[in-house]
Amino acid sequence: MNYRIPFNKPFIVGKELYYIAQAVLNGRIAGDALYTQKCQAFMENAFDARKILLTHSCTAALEMAALLGGVEEGDEVILPSYTFVSTANAFYLRGARLKFIDIRPDNLNMDESALEAAVTSKTKAVVPVHYAGIGCDMDVIMDLAAKHDFLVIEDAAQGVNATYKGRYLGTIGDFGTFSFHETKNYICGEGGALLVNNEEHALRAEIIREKGTNRSQFFRGEVDKYTWVDVGSSFLPSDMLAAFLYAQLENMDKINARRAEIYDYYFEALKPLADAGRMTLPAGHPDCVGNHHLFYIILEDDETRDGLMHYLKSHGILAVFHYLPLHLSPVGRRMGGETGSLPVTESVSGRLLRLPFYYELTREEQEEVVGRIGEFFAE
Ligand SMILES: *Cc1c(COP(=O)(O)O)cnc(C)c1O
């Protein structure tokens, strides 16, 4: 079905198509060519990051982090239940036992106050997810990591170009992961990046990404032939996708400014309904500068959420729910997940609605969305 106002719409802002043509004319469209290098250097500079490697998805970057971290059978990994399946799958693939914890009711991030109770001597990694581009309480998480000696892998899929206490999300833990999927802030269709913040993993990260070979060292002239040296897979994107992404990164500030306008309009326009007790609007965090990744509202109960979602749909507007709790999924239940065990996650999941949000969303379209929401409550 086609919606007059879709939930998401891929967009171009600059030289995306020109750069793709350039990549083709350069005669190098496999991975690690000119635009891949440009994207990596641009982001390392912009985000003050040690080392960034483009991948074909955030999912791939998470899988790389699990491999690099040495996560294996018998290890435990702690993560929120309220997240995308890839946050869990990367570690499930390695045979780790997953421990899901609850989220904070204010910004829907991992509840750091529930973290220490979940840590055991088997805890290998903790995976904070920066929901909606607002940072988790990284100070608390990093202090616990130092105390209990576990890895911190930030799922910053939604947190590109956002900060926590002045530091860019994804650069704080041992590893960070970004997504450039078409639903994210800066896009190339399918794409991602691994941030390697810890020098000891830098060389092995290149090897695992290049099918377990030392090909990157070979290209730098550090070895005279390249060969199979470790486990690995193919985690690189084509340089044509990097070319698209580079044009988006060049326009990062422009995209961010436009998203801020969209966010602020929704916030102000819906405030009267929130003040009247009809919904809760997103709360940021005083330590964080977000990137306006998404705009959600939390309704009073599941029926109201579903009713509003259908009402908007009937008027050609697509608003969508978000994660179903992973601990209650078929896989989560096989690991012992039980209804009632993570009350905030379970309550929010049924009541949250994400409103249409994309770069080209016009003021008129936003007025219509807000107008229809008002109508729904007036009826
Ligand atoms: C989008 C997203 C992912 C997956 O990103 P891909 O690039 O599609 O693999 C992982 N985690 C979170 C929190 C996400 O929002």
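Colleague: In E5, which residue is the bridge partner of Val126?

Modeller: In E5, that's Val152. This is a predicted model, where local features need pLDDT of at least 70, side-chain atom pairs count only at pLDDT 80 or more, and totals for chains, interfaces and linings use all residues. Residues are numbered from 1 along each chain as its sequence is written, and side-chain values use heavy atoms, leaving out hydrogens and water.

Colleague: How many bridges join E4 to strand E5, and which way do the two run?

Modeller: Strands are DSSP runs (E, at least two residues) numbered from the N terminus, and two of them pair if DSSP finds at least two bridges between them. Here E4 and E5 (residues 151–155) run parallel, joined by 2 bridges. E4 (residues 123–126) also runs parallel to E2 (residues 76–80), with 3 bridges. Val126 in E4 stands opposite Ile78, and its partner in E5 is Val152.

Colleague: What order do the strands take in the open sheet with E6?

Modeller: Read it as E7-E6-E11: 3 strands, with antiparallel pairing. E7 (167–168) and E11 (288–289) are the edge strands, each pairing on one side only. Between E6 (residues 163–164) and E7 there are 2 bridges, and Thr163 stands opposite Tyr168 of E7.

Colleague: Now the ligand. How many residues surround it?

Modeller: A residue counts if one of its heavy atoms lies within 4 Å. That gives 15 here, and the closest are Cys58, Thr59, Asp155, Ser179 and Lys184.

Colleague: Which side chains have a polar atom lying 2.5 Å, 2.9 Å or 3.3 Å from a ligand oxygen?

Modeller: For a polar contact, look for a pair of N or O atoms within 3.5 Å. Thr59 has a polar side-chain atom 2.5 Å from a ligand oxygen. For Gln158 the distance is 2.9 Å, and for Lys184 it is 3.3 Å. Taken alone, the ligand exposes 390 Å², and the protein buries 93% of that (Shrake-Rupley method, 1.4 Å probe).

Key:
Polar contact = N/O pair within 3.5 Å; in protein donor to acceptor, adjacent residues only side chain to side chain. Helix = DSSP H or I, 4+ residues; strand = E, 2+ residues; numbered from the N terminus.
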